[in-house]
Amino acid sequence: MSKPLNVGISDWKVNKGEGVIVTYALGSCVGICLYDKTNQIGGLSHIMLPDSKGVTASAAVNRMKFADTAIPDMLAKMLTMGAVKTRITAKIAGGALMFAASSEKFNIGERNVAAVKAALQALKIPIMSSDTGSNFGRTVFFHTEDGKVEVKSTVKGVKIL
């Protein structure tokens, strides 16, 4: 097996066939795994913020930071690699409340999860499983040969999605 593809914060990677895509330290951020099982094409995005509304458009804006832009962009890359949109499913993890929030407005994890769900619904991509919320960080390992997603945390151990 080859070396894992590492996805940083506000980043995404796509792989075809055997391999692992990993992202570390999902706190309030959300990891989105998109997968076409038939073609073994998968992508993992690590979004930091719910949407790009209100952000001044410029070449310096990182579209991988936002749920509303990262997910469609990653999907487009998967399609150019041979994925078929009607076969793509999603698994998501993260969106924790890492620090006490004084109001719902400041619960960025919850807002991120809602934005990810809205973006996937708009693209008609079903969410097959999830591990979101609570108050602990997660690391996601996405196996693109079979679509298995391992969510690891110091609090809950390993959960398979």
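The model is predicted, so local features require pLDDT of at least 70 and side-chain atom pairs count only at pLDDT 80 or more, while totals for chains, interfaces and linings use all residues. Residues are numbered from 1 along each chain as its sequence is written, and side-chain values use heavy atoms, with hydrogens and water left out.

Side chains of opposite charge can pair when their charged atoms come close. The structure holds five salt bridges (a side-chain nitrogen of Lys or Arg within 4 Å of a carboxyl oxygen of Asp or Glu). One of them joins D11 and K13, at 2.9 Å from N to O. D11 is buried, at 16% relative accessibility. K13 is partly exposed, at 27%. Here buried means under 20% relative accessible area, exposed over 50%, and partly exposed in between, with a 1.4 Å probe and protein chains only.

A salt bridge also forms between D36 and R87, at 4.0 Å from N to O. This pair links distant parts of the chain, 51 residues apart. D36 lies in strand β4 (residues 30-36), and R87 in the loop between α1 (67-80) and β6 (88-94). Helices (H or I, at least four residues) and strands (E, at least two) are DSSP runs, numbered from the N terminus. D36 is buried, at 0% relative accessibility. R87 is partly exposed, at 36%.

D131 and K159 meet in another salt bridge, at 3.9 Å from N to O. D131 sits in strand β7 (residues 127-132) and K159 in strand β10 (residues 157-160), so the pair ties together parts that are 28 residues apart in sequence. D131 is buried, with a relative accessible area of 12%. K159 is partly exposed, at 38%. Salt bridges with shared partners join D131, R138 and K159 into one network.

In soluble globular proteins, nonpolar side chains tend to be buried together. A nonpolar core is a set of buried Ala, Val, Leu, Ile, Met, Phe, Trp, Tyr and Cys residues joined through side-chain atoms within 4.5 Å. The largest such core has 24 residues. Those with the most contacts inside it are I32, L34, I71, M78, V116, L120 and I125. Two or more residues each come from β2 (11-16), β4, β5 (41-47), α1, β6 and α2 (108-122). α1 gives the most, with six residues.

M78 is in contact (heavy atoms within 4.5 Å) with residues including V14, L34, D36, I41 and I88, not counting residues up to four places away in sequence. A second, separate core has 13 residues, among them C29, L44, A93 and V149.
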